[in-house]
Amino acid sequence: QLVYLAQEKNAVQVLDRLIVQVYNQSMYEILYDVYPWKSVVYTLYQSNDSVEDAIDFCVDRGIQVVTMNYWATTAETAEQLHSAGLQLYVFTVNEQQDLEHGVAIGIDGFYTDSVFPELLPEP
């Protein structure tokens, strides 16, 4: 519907500002058949893919970000993804100590329901 509306309004370039999150490999194929999305995040929580499967899938398709549950993430997982040129985002982190731990083990981004003002740069 978004693609149709953008085409109807002669505003297809707006679609390149969206980040599409896909939950399994077949979903990616279906969405990419509709539009060649520029930004895609591959999330593992509804997928049966191993980290290795996800790496292969993302590298083959030019996906740059993998996201997964915070509790399932290790420094080794982050290193595997980084070695393949991928970034790792996790969800959901609402405690500062979890955020700090995540940064320490190499997590690149966090989904959160909170804001950590003490970690924001000074204006």
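Modeller: A nonpolar core is a set of buried Ala, Val, Leu, Ile, Met, Phe, Trp, Tyr and Cys residues joined through side-chain atoms within 4.5 Å, where buried means under 20% relative accessible area, exposed over 50%, and partly exposed in between (1.4 Å probe, protein chains only). This is a predicted model, in which local features need pLDDT of at least 70 and side-chain atom pairs count only at pLDDT 80 or more, while totals for chains, interfaces and linings use all residues. Residues are numbered from 1 along each chain as its sequence is written, and side-chain values use heavy atoms, with hydrogens and water left out.

Colleague: Which residues have the most contacts inside the largest nonpolar core?

Modeller: They are Trp37, Tyr42, Cys58, Ile63, Leu81, Leu88 and Val90, in a core of 29 residues. Among the elements that each supply at least two residues of this core are helix H1 (2-8), strand S2 (39-43) and helix H5 (96-105); H3 gives the most, with five residues. Helices (H or I, at least four residues) and strands (E, at least two) are DSSP runs, numbered from the N terminus.

Colleague: Which side chains meet in a salt bridge?

Modeller: A salt bridge is a side-chain nitrogen of Lys or Arg within 4 Å of a carboxyl oxygen of Asp or Glu. The structure holds one, in which the side chains of Arg61 and Glu29 meet at 2.8 Å, N to O. Arg61 lies in helix H3 and Glu29 in helix H2 (residues 25-34), so the pair ties together parts that are 32 residues apart in sequence. Arg61 is partly exposed, at 33% relative accessible area, and Glu29 is partly exposed, at 32%.
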